[in-house]
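Student: I am new to this structure. Please walk me through it, one question at a time.

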Protein chains: 2
Amino acid sequence: MLGSMAALLPVDAAPGQEAGAAPLISAPRLVPARSLPVPGTVSPPLQAVIGAPYPTGWDAIPTSPEAWRALAAQSSAAVAPHLPAIRERLGVTVEPSRIAGVNVFIVTPNDLPTANRDRLLVHVHGGGYVLYPGEAGAGEAMLMAGYAGYKTVSVDYRMPPDHPFPAALDDAMAVWRDLSGRQDPRRMGIFGSSAGGGLTLAMVLRAKAEGLPLPGAIAPGTPWADLTGAGDTLQANAYVDNVLVSYAGWVGAAASLYAGGQRLTDPLLSPIFGDFQGFPPAILTSGTRDLFLSDTVRVHRKLRQAGVEASLQVFEGQSHAQFLTPFVPETEEAFREIARFFARHLG
Amino acid sequence: MLGSMAALLPVDAAPGQEAGAAPLISAPRLVPARSLPVPGTVSPPLQAVIGAPYPTGWDAIPTSPEAWRALAAQSSAAVAPHLPAIRERLGVTVEPSRIAGVNVFIVTPNDLPTANRDRLLVHVHGGGYVLYPGEAGAGEAMLMAGYAGYKTVSVDYRMPPDHPFPAALDDAMAVWRDLSGRQDPRRMGIFGSSAGGGLTLAMVLRAKAEGLPLPGAIAPGTPWADLTGAGDTLQANAYVDNVLVSYAGWVGAAASLYAGGQRLTDPLLSPIFGDFQGFPPAILTSGTRDLFLSDTVRVHRKLRQAGVEASLQVFEGQSHAQFLTPFVPETEEAFREIARFFARHLG
């Protein structure tokens with residue numbers, strides 16, 4: 001009968017229900033069309049990011065292997081012209097290399113803090129397991145090196161349509177196996193966002209299963225932890241998020257393409273279905289408009305249920321992975337928090 | 001030109017903008033009408049809560065002092081019949097009392113853990129500063145006593161229309177001054193949700209200003225920290241949240257009523273505008289559908305910026321303060337987390 005009371009009443013006394021009656025699930029909620037203004041509660045550069053229109057092509061789903069390859073090439077080509085300025089302004093050096101037969105980019109801060117000399121991060125990039133081949137994928141590693149002061153190895157893993165699951169995970173694990181055998185894994189972290197956040201979690205699951213050393217800490221950013229798309233914000237933030245926009249766009253299609261016929265509930269594809277016991281400390285990052293906010297908070301809760309130290313940061317007004325936007329104050333803030341978390345847990 | 005790339009591009013390269021051009025704020029985003037299903041990613045009892053329709057009367061704004069008084073009476077009358085079962089099932093004893101001339105309810109777990117014998121919590125209830133006079137307001141304190149095992153003093157503070165700001169804060173401070181002078185404040189915590197979360201923050205601001213002792217930790221649940229209503233989720237989660245529904249309902253009107261002519265940006269009314277330096281460790285709780293998710297994460301970020309230890313937990317699919325629903329697994333989980341946080345910080 002009245003506003004906020006519902007939250008203080010037992011389930012069986014929720015509005016519209018008789019006390020003692022069996023719980024009644026209503027029809028889906030009809031949310032009316034709305035005009036969503038740009039919030040004044042974030043920095044002006046971030047306001048520009050939040051105010052941007054939906055990306056052209058968000059709902060264009062490639063229908064052939066060639067079209068997927070073209071999309072991947074296009075994604076990296078769009079980022080490439082910006083990489084020199086990013087390297088320069090962040091003060092980082094990027095060196096292509098190979099580790100255990102896998103292409104990587106080694107990203108080093110020009111001014112590496114003494115405390116981080118013996119520390120190393122492994123980065124797995126985002127892009128729905130289909131975008132950002134080559135150096136474009138290492139952009140997040142440049143932010144980590146520049147804003148957080150960590151040397152980082154970014155894995156340029158194989159991707160569909162030519163190399164579906166588990167190729168990306170195999171590549172990331174090959175790099176992890178090699179590096180963690182050569183230096184103290186307790187001084188190493190793994191991080192990545194979106195698909196890279198999912199891969200970060202899958203790497204720990206697989207390292208556990210194979211008896212490999214675990215990293216000292218992880219930082220899954222807005223992890224794509226449930227490829228089945230069950231999280232509530234995939235609905236609630238649809239058309240609110242101006243990066244992915246909706247799971248009905250290319251990203252939902254990328255889930256099937258990456259899975260390559262494997263069940264989407266396989267924990268190495270959708271880590272939310274895995275066992276998080278024994279995981280290293282984790283810091284998770286998302287935004288209030290993020291399509292994957294649910295994936296992020298579900299992982300956070302499940303880590304806490306498993307007794308794992310897990311820290312959650314959610315940024316005002318941000319859509320999917322917008323904490324990766326270079327040269328925005330909130331991006332620096334996000335990475336400084338991750339830097340502090342790693343500093344506390346890496347040896 | 002393509003899905004998730006926006007997040008990896010500098011601001012001036014966001015979609016729809018020429019590189020190097022001045023940031024361009026687009027028109028407000030038009031979010032289409034949508035059907036929002038009940039998520040399968042939460043417990044069945046919580047599904048019933050999430051699936052409930054909007055509360056009747058959420059958009060009925062009282063237009064006279066008599067109507068506000070009637071609304072307050074109605075809110076407590078709706079909760080009252082459920083209190084005996086809540087006390088019984090949670091195993092708590094509730095005793096009305098007075099401290100420093102203020103009405104309080106002393107809520108004690110029938111089985112008080114030894115570790116908590118010397119600890120005490122002060123509770124300030126929610127309800128937009130207008131609802132839940134009397135024992136109904138102590139419901140959250142019963143959850144804390146029952147699920148978390150803490151003895152709790154719940155303040156039955158004075159409210160508008162008869163007693164606008166700062167009456168509620170004055171009452172809460174009188175209780176705090178008295179109790180913190182009689183026992184070790186480092187073993188004491190303050191908590192509350194919604195208006196109670198805002199009051200919790202305002203109490204610390206005022207204790208700082210008056211040189212009173214600070215508590216050892218605080219737990220502001222989905223704090224109403226910005227009465228101006230500037231947070232992004234007040235728009236993004238409008239009509240998604242099935243508790244408050246929209247700031248255009250009674251809750252927005254309650255802001256002016258409580259302020260009683262004072263500027264809404266006064267930090268004791270809207271703590272987000274205050275100085276959080278020196279705050280005690282804080283644990284904040286919200287939900288992905290919460291109208292006040294932005295208030296919660298903005299407080300979290302601002303605490304972190306001030307160097308305060310601050311922990312954030314966000315529950316899947318929950319609208320405003322639904323972590324207070326009795327007898328739901330997620331409610332127990334939320335309070336157990338708060339209990340652990342208090343145990344770590346209270347002496």
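Student: Which residues does B:Ala172 touch, not counting residues up to four places away in sequence?

Tutor: This is a predicted model, in which local features need pLDDT of at least 70, side-chain atom pairs count only at pLDDT 80 or more, and totals for chains, interfaces and linings use all residues. Residues are numbered from 1 along each chain as its sequence is written, while chains are lettered from A and ligands numbered from 1 in the order in which they are written. Two residues are in contact if their C-beta atoms, placed from the backbone, lie within 7 Å. By that test, B:Ala172 touches B:Val124, B:Val155, B:Tyr157, B:Leu199 and B:Met203.

Student: How many residues are in the largest nonpolar core?

Tutor: A nonpolar core is a set of buried Ala, Val, Leu, Ile, Met, Phe, Trp, Tyr and Cys residues joined through C-beta atoms within 7 Å. Buried means 20 or more other C-beta atoms within 10 Å of a residue's own; exposed means 12 or fewer, and partly exposed lies in between. A:Ala172 and B:Ala172 have the most contacts inside the largest core. Its size is 200 residues.

Student: At what angle do helices H5 and H6 of chain B cross?

Tutor: Helices (H or I, at least four residues) and strands (E, at least two) are DSSP runs, numbered from the N terminus. Axes are lines fitted to C-alpha atoms, for helices over the stretch in contact, and angles run from 0 to 180 degrees between N-to-C directions. H5(B) covers residues 167-182 and H6(B) residues 195-210, and their axes come within 10 Å. They cross at roughly 65°.

Student: Is the crossing of H5(B) and H6(B) left-handed or right-handed?

Tutor: A crossing is left-handed if the near helix is turned anticlockwise from the far one by less than a right angle, and right-handed if clockwise. The crossing of H5(B) and H6(B) is right-handed.

Student: How many nonpolar residues has the contact of H5(B) with H6(B)?

Tutor: H5(B) brings B:Ala168, B:Leu169, B:Ala172, B:Met173 and B:Trp176, and H6(B) brings B:Leu199, B:Ala202, B:Met203, B:Arg206 and B:Ala207. Ala, Val, Leu, Ile, Met, Phe, Trp, Tyr, Cys and Pro count as nonpolar, Asp, Glu, Lys and Arg as charged, and the others, Gly among them, as polar. The contact has no polar and one charged residue, and its nonpolar residues number nine.

Student: Why is H8(B) largely enclosed by the rest of the structure?

Tutor: The buried residues are B:Trp250, B:Val251, B:Ala254, B:Ala255, B:Leu257, B:Tyr258 and B:Ala259. What covers them includes helix H2 (65-79) of chain B. H8(B) is largely enclosed because its buried residues number seven of the 10.

Student: Is B:Gln262 buried or partly exposed?

Tutor: B:Gln262 lies in the loop between helix H8 (250-259) and strand E9 (282-287) of chain B. Not counting residues up to four places away in sequence, B:Gln262 touches B:Phe165 and B:Leu269. With 15 other C-beta atoms within 10 Å, B:Gln262 is partly exposed.

Student: How many C-beta neighbours has B:Thr296 inside 10 Å?

Tutor: B:Thr296 lies in helix H9 (residues 293-305) of chain B. Its contacts, not counting residues up to four places away in sequence, are B:Thr222, B:Pro223, B:Leu284, B:Ser286 and B:Asp290. B:Thr296 counts as buried, because its C-beta neighbours inside 10 Å number 29.

Student: What is the phi of A:Thr222?

Tutor: Most residues other than glycine have a negative phi, and most peptide bonds are trans. A:Thr222 lies in the loop between strand E8 (217-221) and helix H7 (233-236) of chain A. A:Thr222 counts as buried, with 33 C-beta neighbours inside 10 Å. It is not a glycine, yet its phi is positive, about 30°.

Student: What is the phi of A:Ala321?

Tutor: A:Ala321 sits in the loop between strand E10 (310-315) and helix H10 (329-345) of chain A. A:Ala321 counts as buried, with 29 C-beta neighbours inside 10 Å. Its phi is positive, near 60°.

Student: Which residue is joined to A:Pro160 by a cis peptide bond?

Tutor: Omega of this bond is about 10°.
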